[in-house]
Amino acid sequence: MNELPFDFAVENYPLAPLTIYQVGGPARLALVPRTIDEAVQAYEWTLRQPGKRAVLGGGSNVLIDDDGYDGIVIVMSKLDAMEPLGGDRYRIESGVDLDQVVREIMLEHNYDMVGGLTGIPGTVGGAIYMNAGTVNGSTCMLMESVEVIGPGGRSLVPMTESLYSYRGQTFCPRGSLILQGFFKFATTEKPQRPIYDHYIQRRKEKQPQGRCCGSVFKNPPGDHSGRLIEAAGLKGTRYGGAMISTMHANFIMNDDNATSADIRYLIDFAKRTVNEKFGVELEEEVVYIR
Ligand SMILES: Cc1cc2nc3c(=O)[nH]c(=O)nc-3n(C[C@H](O)[C@H](O)[C@H](O)COP(=O)(O)OP(=O)(O)OC[C@H]3O[C@@H](n4cnc5c(N)ncnc54)[C@H](O)[C@@H]3O)c2cc1C
């Protein structure tokens, strides 16, 4: 590339440090906008470029290929504005940490559903894209509308239940950009701080701490991927520097300088073994960037 298109464009940009897995090679070009206007300019520019495009939030649910990404990555984590709009409504830009929303808005005002979002790493944009959550609720349930930019332009999508499901949604196809979310919270009588403390503590006890992406697989209907992988006898299985956690079988750790290929090997191995033993096809929750 001759001249970079923006002052927030960087060639050969290392991606591993932007992910919790800490693996994978660089992006051929990264665009790291700081404002919504810059993100819109960046996205529109990518539409005119040949090759592929990916989007990165907080990097807590992605596995980047060892060879890196031979395309343009838009990194959204610098869009960090939060604005109260009155009436328990907030405008929150994509790059804000989800945990900041929980602590600085939800706990501060004792808004309901803290249990749904407690302890989930990553950004608001990633949480909306994944409809991140727990058994206690998910991100899209708290949205009034979402601003998205895609090949057809910029649009404000009013949220309805039909637009999202377990760890997924249909209003932002892969490669389009969630710019910001408009949240509508509800106050509750039930104190939320103890709920937050409880789930933070529970994660410490039940989930391995370290380099991972949380749950690798979505839970199949009526069952748990972790239970199936454990029942297949795979807890503690190692490949290269990667390991299926001994604490929670749906967590595959970068335990000791793993490569992306090591982790990918164990993901495929777990998938294949569970299918052979139980006839269940596990579906990845982790997103491959390659
Ligand atoms: C220890 C640990 C625990 C976890 N626990 C949970 C849990 O309890 N529940 C749960 O749901 N998840 C959990 N996760 C997974 C992960 O934290 C969530 O999926 C999170 O919402 C991803 O957000 P992110 O910003 O890190 O997204 P990334 O990992 O950066 O990206 C994930 C996907 O979202 C897309 N994306 C990100 N930002 C945008 C944007 N602005 N516009 C368009 N697309 C975008 C990316 O292209 C990618 O496809 C956990 C992960 C870890 C490491």
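This is a short walk through the structure, one selection at a time.

Before you click, know that the model is predicted, so local features need pLDDT of at least 70 and side-chain atom pairs count only at pLDDT 80 or more, while totals for chains, interfaces and linings use all residues. Residues are numbered from 1 along each chain as its sequence is written, and side-chain values use heavy atoms, with hydrogens and water left out.

**Stop 1: the largest core**

Select M106, F171 and F185. Of the 33 residues in the largest nonpolar core, these three touch the most other members. A nonpolar core here is a set of buried Ala, Val, Leu, Ile, Met, Phe, Trp, Tyr and Cys residues joined through side-chain atoms within 4.5 Å. Buried means under 20% relative accessible area, exposed over 50%, and partly exposed in between (1.4 Å probe, protein chains only).

Now colour the elements that each supply at least two residues of this core: β7 (89-93), α2 (98-109), α3 (114-117), α4 (124-130), β10 (143-150) and β14 (177-184). Helices (H or I, at least four residues) and strands (E, at least two) are DSSP runs, numbered from the N terminus. Which element gives the most to this core? That is α2, with six residues.

Zoom in on M106. Leaving aside residues up to four places away in sequence, M106 touches V101, Y111, D112, M113, V114, L117, L142 and F185; contact means heavy atoms within 4.5 Å. Apart from this core lies another, of 26 residues, and L63, I229, A258 and A270 are among them.

**Stop 2: the rings**

Next, show the aromatic side chains. The whole structure holds eight aromatic pairs. Rings of Phe, Tyr and Trp (its six-membered ring) pair if their centres lie within 6.5 Å; planes under 30 degrees apart count as stacked, over 60 as edge-to-face and the rest as tilted.

Pick F6 and F8: the ring centres are 4.6 Å apart and the planes at 10 degrees, so this pair is stacked. Both F6 and F8 are buried. F6 lies in the segment before β1 (9-13) and W45 in helix α1 (residues 36-47), so the pair ties together parts that are 39 residues apart in sequence.

Then select Y90, Y111, F183 and F185, which ring pairs link into a cluster.

**Stop 3: strand β5**

Select residues 69-75. Is this strand, β5, enclosed or open? Six of its seven residues are buried, so β5 is largely enclosed by the rest of the structure. Strand β2 (residues 27-31) pairs with β5 in the parallel sense over four bridges; two strands pair if DSSP finds at least two bridges between them. Look for L29, whose bridge partner in β5 is I72. Strand β3 (residues 52-56) also pairs with β5 in the parallel sense, over five bridges, and there L56 has V75 as its bridge partner.

**Stop 4: a three-strand sheet**

Move on to the open sheet with the order β15-β16-β17 and antiparallel pairing. β15 (238-239) and β17 (252-254) stand at the edges, each with a single partner strand, so one side of each is left without a neighbour in the sheet. Three bridges join β16 (residues 242-244) to β17, and M243 has M253 as its bridge partner.

**Stop 5: the cysteines**

Finally, select C140. Searching the whole structure turns up zero disulfides, a disulfide being a pair of cysteine sulfur atoms within 2.5 Å. The closest cysteine sulfur to that of C140 is in C172, 10 Å away, too far for a bond.
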